[in-house]
Amino acid sequence: MMNIDLSELDIESRNLVAGQWIGAADGRTFAVADPATDREIAQVPLCGAAETRQAVEAAARAWPDWRSRTAAERGSLLAALADLMMRHRERLARLMTLEQGKPITESRGEIAYAASFLDWAAEEGRRLYGETIPASHRQKRILVLRQSIGVVAAITPWNFPSAMITRKLGPALACGNTCVVKPAEQTPLSALALGDLAMQAGFPPGVINVITGDPHAIGREIFGNTAVRKVSFTGSTEVGRILMRQAADHVVRLSLELGGHAPFIVFEDADIDAAVAGAMASKFRNSGQTCVCANRFFVHESAYEKFAAGLARAMASLRVGCGFDENVQIGPLIDDDAVAKVTSHVSDALAHGATVRTGGDLAAAGPGYAKRFFAPTLIDGLTADMRICREETFGPVAPLRAFTGEEEAIALANDSPYGLAAYFYTRDASRLMRVAEALEYGIVGANDGMPSTAQAPFGGVKQSGFGREGGRHVMHEYSNVKYVSWGLGGA
Ligand code: SIN
């Protein structure tokens, strides 16, 4: 068994408020455990409303100075933080694998991905352009300014413990806002490590605050405190709905990146090898625990057997085990609830007539490991009455169904309340544009299983949420538009 000790990684486990490292006022803590072994790796502060209020107040105090800095000044600190992340990449990656379980090669990839959001925002902040608009009066001028919003709260998930923070923090800070970060209870340490590096990079006290603890108490304070002007959340649609209700009281601006249930279509004219490679990238990244994971595969009947056999072969080469093993591609699921959900999706599919081509159950990871490792699973015979066809699985399960025509494939793909990511493979250029336009999703991978990148807008439609992260579009999420009507005097 591979045991890494937190002390090897030199990680701060207290909370960051106003540039100080603090514990909960009443000294309470909660345990963070390694999902691969269930072994406790750290205790972090169990903070609540009082500490969150302190963090919000610190961010509010820091805002006037931070927003008055030039974009270049803010950008150079963001770039310095990105640089520090890359210099500490191995340490941060090991920490991520320890608290989240993802294979170490993916953790290294995530640190680079996380740093890329800071780099992108550092530069994009310089382009927060306003406008002048021709007025309808000779003695008037119309100006449009883009200004910071104020204190932004970032509520982030466990599946990408660093990148989902920097994807919010980078543009929020670049636009002149100050931030309170509330990481997921499962993965607070990566967030605290990021806070530590932010202090080393030279961010002024209060510009970045990190609070861990009771999600309900923290959330109530965030939405109850009028100094918080914007909340950006990545997580489930269920929690997103609750946050929308909480945001209503003070009409807090929201960005919500919620659940997905991505369709993956393989047309008869597709390059099947490329489709298999794309399916592997989309489905098995982070052991199937991403919002953009393909979760429903629709394959033209004439290509079905070739694609399914190719996918099964590629899946057979995936090694399941502890994320610290350099040869492993599938790590543990995050917790027992995740295992129960994945298991129930498979058993429900079987009860509704599906068959398992490969996998189908927990995989043995060896002595000392928790029962959290699920074998990559390929299921034939997906139908609409199966839970896996309606709900996000968040695990390494690929259910397949054959279709006969393009319209049918599009209808199957769009038959979901979610609308985050969709994928399809074809070599026909006209079909490519037609299908890309017809899919009711915020992100479409056309012959691409991995569309996520810092310079492109990431986000969903329908019950997958609203707002975009990444690209130039994200800057609108973190700035207010102000219209100035300038009277020059005279008639
Ligand atoms: C997510 O799962 O929420 C993010 C995935 C990505 O950035 O590609």
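A residue counts as buried when its relative accessible area is under 20%. In this predicted model, Phe424 has 0% relative accessibility and is therefore buried. Phe267, with a relative accessible area of 0%, is buried as well.

Phe267 and Phe424 form an edge-to-face aromatic pair, with 6.3 Å centre to centre and 80° between the planes. Phe267 sits in the loop between β12 (262-266) and α9 (272-284), whereas Phe424 belongs to strand β18 (residues 421-425), so the pair ties together parts that are 157 residues apart in sequence. Across the whole structure, a search finds 11 aromatic pairs. One aromatic cluster is formed by Phe264, Phe297, Phe307, Tyr423 and Tyr425.

In soluble globular proteins, nonpolar side chains tend to be buried together. The largest nonpolar core here has 66 residues, and the members that touch the most others are Met85, Leu173, Leu189 and Phe203. Helix α4 (residues 104-124) is the greatest contributor to this core, giving 9 residues. Because domain 1 (6-258 + 465-482) and domain 2 (262-453) both supply residues to this core, it lies between them. A second, separate core contains 65 residues, including Ile265, Ala349, Phe403 and Ala409.

Leu173 illustrates the contacts of a residue in the largest core. Leaving aside residues up to four places away in sequence, Leu173 touches Trp66, Arg74, Leu78, Thr178, Cys179, Phe203, Val207 and Ile208.

**Helix α8**

Helix α8 (residues 237-250) comprises 14 residues and spans 21 Å from its first C-alpha to its last, close to the 20 Å expected at 1.5 Å a residue. Its sides are set out below.

| Residues of α8 | Relative accessible area |
|---|---|
| Thr237, Gly240, Leu243, Ala247 | buried, under 20% |
| Glu238, Arg245, Asp249 | exposed, over 50% |

An α-helix has 3.6 residues a turn, so residues three or four places apart point the same way. Viewed down the axis of α8, the buried residues fall within an arc of 105°, so they line one face of the helix. Glu238, Arg245 and Asp249 are on the other side of α8. The buried residues of α8 are covered by elements that include β7 (151-155), α7 (215-224), β10 (228-234), β11 (253-257) and β17 (418-419). After α8 comes Val251, which has a positive phi, near 45°.

Conventions. Residues numbered from 1 in each chain as written. Predicted model: local features only at pLDDT ≥ 70, side-chain atom pairs only at ≥ 80, totals over all residues. Heavy atoms only, no water. Core = buried A, V, L, I, M, F, W, Y, C linked by side-chain atoms within 4.5 Å. Buried < 20%, exposed > 50% of the residue type's maximum accessible area, 1.4 Å probe, protein only. Helix = DSSP H or I, 4+ residues; strand = E, 2+ residues; numbered from the N terminus. Domains from an automatic or database assignment. Contact = heavy atoms within 4.5 Å. Expected span 1.5 Å × (residues − 1). Arc of directions from axis to C-beta. Phe/Tyr/Trp six-rings, centres within 6.5 Å; stacked < 30°, edge-to-face > 60°.
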